[in-house]
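Please follow the chain shown here through its strands and helices, one group of elements at a time.

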Amino acid sequence: MGERSARAGDQMALRRHNLSMVLRHLRDHGPRSRARLAAETGLNKATVSSLVAELTTRGLVRSGAVERGAIGRPGQIVELAGTAACAVGAEVNVDHVAVSVVDVRGEPVVERGVPLDASAVPAGEVLDHLTRELAGVLDEITAAGASCVGVTVGVAGLVDSRTGAVESAPNLGWSDVPVAQLLAERLGRPSYPVRVDNEASLAAIAEARSAGPDTPVTDLVVVVGGVGVGGGIVSHGQLLRGHQGFAGEIGHIRVDPNGRQCGCGRIGCWETVVGLRALLAAAADPDDQVHDPRLGIDERLAELDRRARLGDARTISALHEVGRGLGAGAAVLVDVLNPAAIVLGGYYATVAPWMLPAMEAELAAGAIAPRAGGCRVQVSRLGLGAVTRGAALVSLDAVFDDPTRIATAVPTRTVEPTGGVS
Ligand SMILES: [Zn+2]
């Protein structure tokens, strides 16, 4: 490479870096004027204006109302624009597959789930179902004139997120399934990345980011309740993955050596006490509708909630017992990690009010630190949608890492004639 083209390369890299910085600043701190962007990022005003102009032609920001009350000449507010790009998140779990699409602002555009008894069919068939759901939303994205920047799938199991392979997912009955590769093939080898990650890790990312800029929760454990129970750990604001990426398998902590057999083959794992099957088994006879896998999980939980409200003793007692089990396990998590919050996600989010008193009492009694080390128990606001939301947000990071991934709406000098600009 000649000196001149090396310099041009450096300048392009610097430009990309600055575009990324401005876009992230708008995401993390909200709409503001060019003057404020310049003051806060340390870039000069002319540079900011040029960067905002480029981000505008790429459809990633727009200029709106005039900023009021600012010192100096009032300027137009710049904010993220939603429509140019979309990011896709998906989930494969024991009883459903789900997809979610977010726009550039991270706002959900589509959220969709279908009940599926995924443990009863081969992995390839589950991925066929998921591909159909994904193809549907990808068509919608294209029809709306947006580009898809990535697909990320959360799977309830041990995932090598670098290769996108599921090493083991006991409740699905999967081992060594190269999910990212199989999905990319089914989607026709798209130009955007197809990634796979652990479902509870993605839920933790969604919960940490949805806390909002004013209430940063930098140390939390998200407990995702389903047939299995997953854990996502955020420590100092970072997802804790561990040595091989398998941290957070809290559902398989042994709590009852004389208890029931777990999906992993061992006896007495935490999820045999606080997983969905334990709750349903305690709450209703096997032929009861709440066990019917053809019904959506939200419908079945709504039915349990209805019964509890009507004062049904068996339902209330089952919820209370799961709450006690949650508190006992949470005390272990608090002793090991001292989080600021334990967030109850997945199915717990729907029925948590019936579990919280028993859980909090058990947690306070079980943890060694006074007042559970300051740990609050919070109920997820995202609930069953946290996994796909976190997955979509991970996909969306690609735009903020490199805004030039999104083509300019009008061809410019820098675009090759074959650049595929439409
Ligand atoms: Zn287990």
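Predicted model: local features only at pLDDT ≥ 70, side-chain atom pairs only at ≥ 80, totals over all residues.

Strands of a sheet pair through backbone hydrogen bonds, in either a parallel or an antiparallel sense. E12 and E13 belong to an open sheet of five strands, whose order is E14-E13-E12-E15-E16 and whose pairing is mixed. At its edges lie strand E14 (238–239) and strand E16 (376–379), each of which pairs on one side only.

Helices pack against this sheet. Helix H6 (residues 199–210) lies across E12, E13, E14 and strand E15 (341–346), and its direction is at about 45° to that of E13. Helix H12 also packs on the sheet, where it touches E15 and E16, and its direction makes about 155° with that of E16.

H12 (residues 356–366) in turn meets helix H10 (residues 313–337), the two axes coming within 7 Å and crossing at roughly 35°; the crossing is right-handed. On the H10 side the contact includes His 320, Arg 324, Leu 326 and Val 334, while on the H12 side Ala 358, Met 359, Glu 362, Leu 363 and Gly 366 take part. Sorted by class, the residues in this contact of H10 with H12 are eight nonpolar, four polar and three charged.

A separate pairing is found between strand E9 (residues 165–169) and strand E10 (residues 174–177), which are antiparallel and share three bridges. Ala 169 has Trp 174 in E10 as its bridge partner.

The last element to consider is helix H13. Its 16 residues should span 22 Å at 1.5 Å a residue, and because its end C-alpha atoms are 22 Å apart, the model agrees with that expectation. Of these 16 residues, 15 are buried, so H13 is largely enclosed by the rest of the structure. Arg 389 lies in this helix, which covers residues 386–401. Is the side chain-bearing residue Arg 389 buried or exposed? Arg 389 counts as buried because its relative accessible area is 17%, under the 20% cut-off. Leaving aside residues up to four places away in sequence, Arg 389 touches Ser 100, Val 102, Gly 106, Pro 108, Glu 111, Ala 206 and Leu 382.

Terms used. Residues numbered from 1 in each chain as written. Heavy atoms only, no water. Helix = DSSP H or I, 4+ residues; strand = E, 2+ residues; numbered from the N terminus. Buried < 20%, exposed > 50% of the residue type's maximum accessible area, 1.4 Å probe, protein only. Contact = heavy atoms within 4.5 Å. Axes fitted to C-alpha atoms, helices over the stretch in contact; angles between N-to-C directions. Left-handed = near helix turned anticlockwise from the far one by under 90°. Nonpolar A, V, L, I, M, F, W, Y, C, P; charged D, E, K, R; others polar. Pairing = 2+ DSSP bridges. Expected span 1.5 Å × (residues − 1).
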